[in-house]
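Hi there,

Here is the structure I promised to pass on to you. Have a look at it first, and my notes follow below.

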Amino acid sequence: MSIENFFNRDIVSIKDFSRQDLEFIFNYTDRVSALGQNKKSELGRGRTLGYIFYEPSTRTRMSFEAAMASLGGSSIGIFDSKSSSVEKGESLADTIRIMDLYSDVIVLRHPLDGSSRFAAELSENPLINAGSGSEEHPTQAMLDLYTILKEKGRIDGLSVGIVGDLKYGRTVYSLLYGLANYNVDIHLISPPTLTIRKESIYDIEKKKLKMYEHYELEDRVLTKLDVIYVTRIQRERFPDPQEYEKVKGTYTIDSNTLRKTKPDVSLMHPMPRMQEISHSVDNTKNAIYFKQAAYGKELRAALLALVLNENAV
Ligand code: CP
């Protein structure tokens, strides 16, 4: 695997990336992060990132902008469709074509499955999926894996618990496909109405990833886990608000939970966090969700450097 394999490449789905690709990206992230600012600024100087967000975002959009700035480039974009011509009915296709004229790389978040693939086919410049539909958030999965690698020193051999809304949370699906490249045990912990959608992990099941399902945060499971990846119950994706009321607040990770885990368990969360992780554990060594968000900027800077440069450092 070499740098040329990534130049001008679209990043649409985590399923398009092999373990070898991922390991290259993680090593490259280390290399770019270690560069002095002058050298780093050469990787994006004079280049423009164009973002189009049809759904709200804090971390993904800001970390892409911050990453592009760290490479010496600039960003333009739409993050409130009401203030763009999307409000007048302009199509996704035309919006992408226009952004393609004004930028060197496009970052897109859109509620529909397949939207990023469609946009990538239209755009001449590389397109990066910043979250689409119900199961794709490839750069989140990459930064999640990178965080595990940095904090635990390895991914193989770990026991990973994924807790919360496994039905509607798209980060979970991308993460599972990413983890399927490694030798890991997965414990899926959700209310019975929010279990993983089997049809969306069909290919993973074929790879025989070891996955176990639970409805409770049982002590016997907590004691096994090296990583607990907590997700928010996605209120906005429930067709019936009463169903959300029944499950909200099902799990809360707090200091009482941490008494039952391995002492060095890592608590992760793609964020935003509601009440599923108590603020009281934020200052423990286990809480790495803010570090995870910081790694997101580093990893996205590396991805931008790779797709924009034929001969990146
Ligand atoms: N993790 C994540 O996608 O966060 P945002 O929705 O704030 O971008």
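Which residues in helix 6 meet which residues in helix 12? Please keep in mind while looking that this is a predicted model. On the helix 6 side, the contact is made by Thr 139, Gln 140, Met 142, Leu 143, Asp 144, Tyr 146, Thr 147, Lys 150 and Glu 151. Their partners in helix 12 are Lys 291, Gln 292, Tyr 295, Gly 296, Leu 299, Arg 300 and Leu 303. Sorted by class, the residues of this contact are six nonpolar, five polar and five charged. To find the pair on your screen, look for residues 138-152 for helix 6 and residues 289-308 for helix 12. The two helices pack at an angle of about 115°, their axes lie 9 Å apart, and the crossing is right-handed.

Helix 4 covers residues 92-102 and helix 5 covers residues 115-122. Their axes are 9 Å apart and they pack at an angle of about 50°, so helix 4 and helix 5 are oblique to each other. The crossing of helix 4 and helix 5 is right-handed. From helix 4, Leu 92, Ala 93, Ile 96, Arg 97 and Asp 100 take part, and they meet Ser 115, Phe 118, Ala 119 and Leu 122 in helix 5. The contact of helix 4 with helix 5 is made up of six nonpolar residues, one polar residue and two charged residues.

Now for the chain as a whole. Domain 1 brings 32 residues to the contact and domain 2 brings 26. How much area is buried between domain 1 and domain 2? The value comes to about 2,400 Å², with carbon and sulfur atoms giving 57% of it.

Finally, there are two backbone details to check when you go through the loops and ends:

- The peptide bond from Met 271 to Pro 272 is cis, with omega near 15°. Pro 272 sits in the loop between strand 9 (266-268) and helix 12.
- Asn 8 has a positive phi, near 65°, although this residue is not glycine. Asn 8 belongs to the segment before helix 1 (19-34).

Conventions: Residues numbered from 1 in each chain as written. Predicted model: local features only at pLDDT ≥ 70, side-chain atom pairs only at ≥ 80, totals over all residues. Heavy atoms only, no water. Axes fitted to C-alpha atoms, helices over the stretch in contact; angles between N-to-C directions. Helix = DSSP H or I, 4+ residues; strand = E, 2+ residues; numbered from the N terminus. Parallel < 35°, antiparallel > 145°, perpendicular 65-115°, else oblique. Left-handed = near helix turned anticlockwise from the far one by under 90°. Contact = heavy atoms within 4.5 Å. Nonpolar A, V, L, I, M, F, W, Y, C, P; charged D, E, K, R; others polar. Buried area = accessible area lost by both parts, 1.4 Å probe.
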